[in-house]
Amino acid sequence: MLDRINSLKSEIEQLTASNSGEVEALRIKYLSKKGEISALMADFRNVPAESKREIGQAINSLKELATSKINGLRESVEAGDNALDNADLDLSRTAVPMPLGTRHPLSIVRNQIISIFSRLGFTIAEGPEVEDDWHVFSSLNFAPDHPARDMQDTFFINREPDVLLRTHTSSVQTRVMENSRPPIRIICPGRVYRNEAISARAHCFFHQVEALYVDRNVSFADLRQTLLYFAREMFGPETKIRLRPSYFPFTEPSAEMDISCNLCGGKGCSFCKHTGWVEILGCGMVDPNVLKSCKIDPEVYSGFALGMGIERITNLKFQVKDLRMFSENDRRFLEEFQSAR
């Protein structure tokens, strides 16, 4: 019997387990009622009287060894399981559940516009919001007495020299034309500022996206095709466009673009004032004077420019009637756009 006990002792000392299932199998094998140690105790009655003391102590020692070994394996396996469970646990996170946020509707539309123009080869250009008179007005062919230069229309920081908050992102276009040579194909998203009373239809700051393309032999037909592609990608393949003559100091000829109303399909409704058309942007061929001011030869190069308000496009897509909602950070309003991309 001592040989059998010593053999089991050596076997138990070498036990290993990689999971809780294996530990349980070892417990059943050695410590259960039908296990190896219970079998030794059952045979103990056959041990001669003079050997019972020695054999009994050996069996008890074996049972303690088996219990200690199996408990140690169990603790080791459980510690490993906990480590795996906590491997991706961020201990810096708050214990209070945090609701997921949503993209702002202006960001959603801005990203959609950028994505459409990027497919046409336009790259993003950015510039400062605090600008000078040259980049905002003079380089863009604004007359010295143009109303936009008045303090009631523009936020001036200094008057001598003129430093102001940009009123449009066209200032980014002039900076790019000054510092690079054609071909130029850029899109300029950004925040702009106007000295206007805040209401449901106007705000003192808003967001624009402008596009500029300057190269050899750029024509009005190129502009129209670009506008048609943008309108159909943004509002649907059935969208129609029309161009109406207009005036902007930095383009000649100039036009305003309407799209067929995306609510009534051009049939006429209260949203489009029963005309079937909704204005979305201004555009035109870059005025030769603008090219000259940026040291680009208008005899060699031509180009087109277009600009739109992101709030305007967002209103058309989501029917948001009050511009103030975009800047008030009302969670109830923002949560309406959880399903938007």
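A: About 50 Å³ of space lies in the largest cavity. The model is predicted, with local features needing pLDDT of at least 70 and side-chain atom pairs pLDDT 80 or more, while totals for chains, interfaces and linings use all residues. Residues are numbered from 1 along each chain as its sequence is written, and side-chain values use heavy atoms, without hydrogens or water.

Q: How many cavities of 30 Å³ or more does the structure hold?
A: Rolling a probe the size of a water molecule over the atoms shows where empty space is left. A cavity is a set of points, on a 1 Å grid over the protein atoms alone, where a 1.4 Å probe fits but cannot get out; points join across faces, edges and corners, and the volume is that filled by probe spheres set on them. The structure holds one of 30 Å³ or more.

Q: Which residues line the largest cavity?
A: Lining residues have an atom within 4 Å of a point, and here they are L140, S170, Q173, M177, F250, T251, V286, V290 and A305. Helix α7 (residues 170–179) gives the most, three residues, helices being DSSP runs of H or I of at least four residues and strands runs of E of at least two, numbered from the N terminus.

Q: In what order do the strands of the sheet lie?
A: Strands pair if DSSP finds at least two bridges between them. Seven strands form an open sheet of mixed pairing, in the order β1-β5-β6-β10-β9-β8-β7, with β1 (123–124) and β7 (241–248) as edge strands, each pairing on one side only.

Conventions:
On a 1 Å grid over the protein atoms alone, a cavity is a set of points where a 1.4 Å probe fits but cannot get out, and a pocket is an open set with protein on both sides within 12 Å along at least five of seven lines; lining residues have an atom within 4 Å of a point.
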